[in-house]
Amino acid sequence: MSSLCDKCGMPGGKSRPQHECRPGGAIWAMIEALRADEGNTVTILCDNPEGTPNSAVECCGDWTDWQQRRFTGDTVFRALEAAHTSFTTIARRG
Ligand SMILES: [Zn+2]
């Protein structure tokens with residue numbers, strides 16, 4: 001199974017230690033998807049806001065019933081990934 005880098009989401013990660021992290025690409029693509037609809041917001045919290053897990057994002061929009069929903073992970077990438085997974089699941093259902 002090919003692993004994805006925890007930080008940037010690019011293929012590689014631990015199996016390719018020399019790989020150059022480019023967090024912008026994958027992270028920005030998820031932010032764009034999460035804020036694509038009118039009124040949607042994505043908030044990237046500071047690291048370690050209230051202890052572990054280390055990173056958190058908050059999303060608000062039609063897909064969260066306009067409630068602020070927090071997603072967490074070991075890295076910003078992982079937190080965004082959790083939000084994006086939930087978003088795509090809900091969007092598909094609706
Ligand atoms: Zn990386």
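In this predicted model, helix H2 covers residues 76-93. The buried residues of H2 are Val 76, Phe 77, Arg 78, Ala 79, Leu 80, Glu 81, Ala 83, His 84 and Phe 87. An α-helix has 3.6 residues a turn, so residues three or four places apart point the same way.

Helix H1, residues 23-34, includes Leu 34. Leu 34 is buried, because 24 other C-beta atoms lie within 10 Å and the cut-off for a buried residue is 20 or more. Leu 34 and Phe 87 are separated by 53 residues in sequence, yet their C-alpha atoms are 7.2 Å apart in space.

The largest nonpolar core has 16 residues, of which Val 57, Phe 71, Ala 79, Leu 80 and Ala 83 touch the most other members. At least two residues of this core come from each of H1, strand S2 (55-60) and H2. H2 supplies the largest share, six residues.

The table lists the contacts of two residues, leaving out residues up to four places away in sequence.

| Residue | Residues touched |
|---|---|
| Leu 34 | Asn 40, Val 42, Cys 59, Ala 83, His 84, Phe 87 |
| Phe 71 | Ala 56, Val 57, Cys 59, Ala 79, Ala 82, Ala 83, Ser 86 |

Key:
Residues are numbered from 1 along each chain as its sequence is written. This is a predicted model: local features need pLDDT of at least 70, side-chain atom pairs count only at pLDDT 80 or more; totals for chains, interfaces and linings use all residues. Helices (H or I, at least four residues) and strands (E, at least two) are DSSP runs, numbered from the N terminus. The expected span of a helix is 1.5 Å times one less than its number of residues. A residue is buried if 20 or more other C-beta atoms lie within 10 Å of its own, exposed if 12 or fewer, and partly exposed in between; C-beta atoms are placed from the backbone. Two residues are in contact if their C-beta atoms, placed from the backbone, lie within 7 Å. A nonpolar core is a set of buried Ala, Val, Leu, Ile, Met, Phe, Trp, Tyr and Cys residues joined through C-beta atoms within 7 Å.
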